[in-house]
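This report concerns the packing of secondary structure in one protein chain. Please consult the sequence and the structure shown here while reading.

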Amino acid sequence: MTEHSLESLIKRSELEWEVPIGYIPGMRVPGTIFLSESLKKTLEPGAVEQVANVATLPGIVRRAYAMPDIHWGYGFPIGGVAAFDEEEGIISPGGVGFDINCGVRLLKTPLTESDISSKKRNLIETLYKTVPTGVGSRSDIRISRPELEQMMLTGAKWAVKQGYGLSSDIINCEAEGAMPDADPGAVSDKARSRGLPQGGTLGSGNHFLEVQVVKQIYDPVIANTFGVKEGDICVMIHCGSRGLGHQVCTDNIASLSAAAKKYKISLSDRQLACAPVHSKEGELYYSAMAASANYAWANRQIIMHKTREVFTKLFQTEYDDMHLVYDVAHNVAKREIHDLNGHPAPLCVHRKGATRAFGPHSTDLPSHYMESGQPVIIPGSMGTSSFLLHGTKKAMDLTFGSTCHGAGRVSSRSKAKKTVSGKEVKEELLRAGIIVKAPNDASIAEESPHVYKSSTEVVRVVHELGISRLVARLEPLAVIKG
Amino acid sequence: MTIIELDHTADIRFRITAVNIHDLFKESAKALMCVMYSGQAGSQISRKFSIKAENLHELLSMFLSEILYLSDAENIVFSGFDISIDDTYTTLSADLSGDPFIRKNHGGGSEVKGISLYGLEIKDKDGMYIVDLLFDV
């Protein structure tokens, strides 16, 4: 890990910084990081080096991109986007991460803030009891091995078929809640045994379930298309493929490390282990990753079902009156067709801590979002604003239909715990009217709003760039932290 | 032997220092359990496994990944790490002991999603073995 100077970055426009070829040896294309001046101050040399590392991989097209929520990770930086030619390029678990299809969904209820204000504490306590949260938590749903097979094949559709949701939920998920190339046969027994008891669990770390209120509408026409208006109570759910996906990543990094040697691919970071997209090893990873992604969509679907049941019980809300605005993945690799030099090109697009932001008339959008572009859901940090945006043509042209995924950390967990206690954060948020519930105070300190960039500034950058455009701002009322 | 937490923005990074490779592996396993669980664990349960790798850093990564798998799949908090490593540093046998996870005793940690290979390199410096580990949380 050699640290390079940030001074060699080239400012290309107010919001675009170039990592030039030569920043590290072997770069095939330049890198581009989208940043404002204020966000540039939080840029870490390690994250820039990771952008440069991605630019060395075979078959990368155009550029290695990083969104304004970029931060230092492993393999790709968090916020990294790169597309690889399907014939010449590679696929890498380092461009997806351990938490395959970590993602976020937004559920809109017919309630307003005044409807829930007197029961807010009861609401979050009930949700906390209903949705298993934190280390060691197990689902109360028994999933058999044949059911797990179907879960990995058909994702959210499996969950809805089991009674965990409405058929209309499916079309409001990216990829309709199931990647078609999933092959459960590519998923190890180890991964399955981790996935069996965890269906419908939230996990820990930065995963959360948050009750929010729509505070501001920026684009009334598209907000109407998305079915949200000022004052609406919504629930945002952020989690992924749990132990199943984590194990799939671990299994495949081992096999793709060997494959990289076999195909004589030089790696600047072992975590970028990879293989040609259509090699046996590449295909195997893709089909296992897709199966994990489908597990994640089913997982979020089950959690949303449990959430709806809680609202039905506490507020007598009709189950069918709570509609899923959309569900987006932000850790995934997908085979997509994008325009390259005026021609449609089959590419393997990696988004690691980045959200798909397909614009109007793109494939894979439901008919009701065809004119608006897809909803893009950007969670804030605990206690700060989250945003609803829409995908754009600019994103299709510039970033392979991608945008940011959240606020992005600026400070480590250990620093956070030394700076502030969980109790203090909880009390500070309570004074602001936000109730936080978590398995322990340490996890609250680690995810304190102080350790994140401003979500407002991150979305301002993507909005100004035009790679997604603001629709609505949501504010937290009560949060379950994993 | 020391376990020092280093700064890392997204994840958890440790520098482990030990006088020999065996201890380096044991301390690395303890660091992993420290992140995932709080409190003490006894030795009600034992689990054995063997692994074979191409080199030392791969052996360490596989060792920790196996512990992570067993812990997550079976809800076990491990506390004892009896290991033997062959002279070529490519084969390891482990005999682990621990307790079943009980939230009131062991809750309060963070799930570790995986053992990253980023920067994973075992160095021999002034008679001590040193490794930086990155756990995705």
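## Basis of the report

The structure is a predicted model.

## The sheet

Chain A contains an open sheet of seven strands with mixed pairing, arranged in the order S1-S2-S3-S4-S5-S13-S12. Its edges are strand S1 (10-13) and strand S12 (331-340) of chain A, each of which pairs on one side only. On average, and with direction ignored, neighbouring strands of this sheet are turned by 25° against each other.

Strands of a sheet pair through backbone hydrogen bonds, in either a parallel or an antiparallel arrangement.

Helix H16 (residues 455-465) of chain A lies across S2, S3 and S4 of chain A. H16(A) runs at about 145° to S4(A).

## Helices H4 and H11

The axes of helix H4 (residues 120-130) and helix H11 (residues 280-315), both of chain A, come within 10 Å and cross at roughly 140°. H4(A) and H11(A) are therefore oblique to each other, and their crossing is right-handed.

H4(A) contributes Asn122(A), Leu123(A), Thr126(A), Leu127(A) and Thr130(A) to the contact, while H11(A) contributes Lys306(A), Thr307(A), Val310(A), Phe311(A), Leu314(A) and Phe315(A). By class, the residues of this contact of H4(A) with H11(A) are six nonpolar, four polar and one charged.

## Helices H10 and H11

H11(A) also meets helix H10 (residues 242-262) of chain A; their axes come within 10 Å and cross at roughly 170°. H10(A) and H11(A) are therefore roughly antiparallel to each other. The crossing of H10(A) and H11(A) is left-handed.

On the H10(A) side, the residues are Arg242(A), Leu244(A), Gly245(A), Val248(A), Asn252(A), Leu256(A), Ala259(A) and Lys262(A). They meet residues of H11(A) including Glu281(A), Leu284(A), Tyr285(A), Met289(A), Tyr295(A) and Asn299(A). The contact of H10(A) with H11(A) comprises nine nonpolar, five polar and three charged residues.

How values were computed. Residues are numbered from 1 along each chain as its sequence is written. Chains are lettered from A and ligands numbered from 1 in the order in which they are written. This is a predicted model: local features need pLDDT of at least 70, side-chain atom pairs count only at pLDDT 80 or more; totals for chains, interfaces and linings use all residues. Side-chain values use heavy atoms; hydrogens and water are left out. Two strands pair if DSSP finds at least two bridges between them. Helices (H or I, at least four residues) and strands (E, at least two) are DSSP runs, numbered from the N terminus. Axes are lines fitted to C-alpha atoms, for helices over the stretch in contact, and angles run from 0 to 180 degrees between N-to-C directions. Contact means heavy atoms within 4.5 Å. Angles under 35 degrees count as roughly parallel, over 145 as roughly antiparallel, 65 to 115 as roughly perpendicular and the rest as oblique. A crossing is left-handed if the near helix is turned anticlockwise from the far one by less than a right angle, and right-handed if clockwise. Ala, Val, Leu, Ile, Met, Phe, Trp, Tyr, Cys and Pro count as nonpolar, Asp, Glu, Lys and Arg as charged, and the others, Gly among them, as polar.
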